[in-house]
Amino acid sequence: MGVIEEEFTNITDLVLADLEKEMLPIGSHGLCLVYSTHTTACIRLLEDESLLRKDMHDFFERLAPSHCLYRHDDIEHRDVPPDERRNGYSHLRAMLMNHQEIIPIVNGVLDLGKWQKIFYVECDPNPPYRSDRYFGVKIMMDTQQPHGWIF
Amino acid sequence: MGVIEEEFTNITDLVLADLEKEMLPIGSHGLCLVYSTHTTACIRLLEDESLLRKDMHDFFERLAPSHCLYRHDDIEHRDVPPDERRNGYSHLRAMLMNHQEIIPIVNGVLDLGKWQKIFYVECDPNPPYRSDRYFGVKIMMDTQQPHGWIF
Amino acid sequence: MGVIEEEFTNITDLVLADLEKEMLPIGSHGLCLVYSTHTTACIRLLEDESLLRKDMHDFFERLAPSHCLYRHDDIEHRDVPPDERRNGYSHLRAMLMNHQEIIPIVNGVLDLGKWQKIFYVECDPNPPYRSDRYFGVKIMMDTQQPHGWIF
């Protein structure tokens, strides 16, 4: 997929493609886990709206500014190479989000709301850009239909 | 259930009623996923204490104030009707919480802690109140008992 | 395991020990849920780095200071004993994190990233220290392998 240069990447279609390949029969239910194996990258259900993404960027800059000093970036006091990434702020942001989303599968399709899209959120997006980022999709099937409550 | 007029709604009894209907036999184990299909509503395990709910309200007002300007609410620059909800702050709050909670089922009952109640958290509670909010409950059963660690 | 005196406890080895006991055969896949049954204790995937833990401590002190006044701690207005813990700040912090992490099991082993460790995060770490804290591990097995995407 190339190199991640953005904070927010809509991966809904990739996950749907995975599900389609499984060719789940009508009437099959289950769970779909979408997960990141990185400490500074998260999976989130978000609306896909470009102005909102800028709000989210600003929000996290306010909560955990990228230009502040963090002890984690005091490279001399850690047993790491001198060119180690300065990403203390990325860890703090990732701690507030989650590394997985679990979406139910109902009758063979993801039970996502109208505005819910699956996003890969890169909390450490500065150059040098990464070409080694990964997320996984794990499906668990059974026959039990979810029950819904309407307020 | 009528109209949501509150930020915090304790839905524990609704979920328990779902589980009871399943009449799970003693010795059955599994997972119970409680999930929201809205981008601005979350599911959280919280203590049911009215003063704490006010603390939580104030906390989120401080983190993502409802009266501030957000780009997402710049309706003229978006392809939406002019009466679109102004809920940029709601999206930011929801991003910090989660759209699901997964609670283990042990011997046919939810393994909730003494103070853990399941809450539907409405991040966009302003009028006009919504009558279209939804949450789902998905049960996955197996026979494997959880293992617990006491500190 | 004795008494919790720290905010961050790396419990990865305990969870791995649980998995080893199950002696999952090569080729078995599934999910591993690690969960807390406390309202003021969370489970998080974090890097195990001591300076970062201090950053995280300071970060939460900034977001929800432990010395501030919270309504939840106005003990006289609640139906609780006079020596009830003052832990309003703990609830607010826990609300921003999660009570569970779900980690896929691939070929019998946890699919954790290189830097991802499982942490028990105590949001109410002040004396008197607790000797009653608990977390659980629930395993769900099946045969379906996850699918991975590399960016």
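In this predicted model, ring pairs join Tyr120(A), Phe135(A) and Trp149(C) into a cluster, so aromatic residues from chain A and chain C end up in one group. Counted over all chains, the structure has nine aromatic pairs. One of them is formed by Phe59(B) and Phe60(B), whose ring centres sit 5.8 Å apart with the planes at 65°, which makes the pair edge-to-face. Both partners are tucked away: Phe59(B) is buried at a relative accessible area of 1%, and Phe60(B) is buried too, at 3%.

Chain B also pairs Tyr120(B) with Phe135(B). Here the ring centres are 6.4 Å apart and the planes meet at 45°, so this pair counts as tilted. Tyr120(B) belongs to strand E6 (residues 117-122) of chain B and Phe135(B) to strand E7 (residues 134-142) of chain B, so the pair ties together parts 15 residues apart in sequence.

Turning to the contact between chain A and chain C, 47 residues of chain A touch 40 residues of chain C. Together the two chains bury about 3800 Å², 61% of it on carbon and sulfur atoms. There are four salt bridges between chain A and chain C, including one in which the side chains of Arg71(A) and Asp58(C) meet at 2.6 Å, N to O. Polar contacts link 18 residue pairs across these two chains (both residues at pLDDT 80 or more). On the chain A side, at least two residues each come from helix H1 (12-22), strand E2 (29-36), helix H2 (50-63), helix H3 (88-96), strand E4 (100-106) and strand E7 (134-142). E7(A) gives the most, with eight residues. Sorted by class, this side of chain A has 23 nonpolar, 14 polar and ten charged residues.

Asn98(C) is a spot where three chains come together. This residue lies in the loop between helix H3 (88-96) and strand E4 (100-106) of chain C, and is buried, with a relative accessible area of 3%. Its side chain reaches the backbone oxygen of Gln100(C) at 3.3 Å. Leaving aside neighbours within four places in sequence, Asn98(C) is in contact with Asn98(A) from chain A, with Arg44(B), Asn98(B) and Glu101(B) from chain B, and with Cys42(C), Ile43(C) and Arg44(C) from its own chain.

Definitions and conventions:
Residues numbered from 1 in each chain as written. Chains lettered and ligands numbered in written order. Predicted model: local features only at pLDDT ≥ 70, side-chain atom pairs only at ≥ 80, totals over all residues. Heavy atoms only, no water. Phe/Tyr/Trp six-rings, centres within 6.5 Å; stacked < 30°, edge-to-face > 60°. Buried < 20%, exposed > 50% of the residue type's maximum accessible area, 1.4 Å probe, protein only. Helix = DSSP H or I, 4+ residues; strand = E, 2+ residues; numbered from the N terminus. Polar contact = N/O pair within 3.5 Å; in protein donor to acceptor, adjacent residues only side chain to side chain. Contact = heavy atoms within 4.5 Å. Buried area = accessible area lost by both parts, 1.4 Å probe. Nonpolar A, V, L, I, M, F, W, Y, C, P; charged D, E, K, R; others polar.
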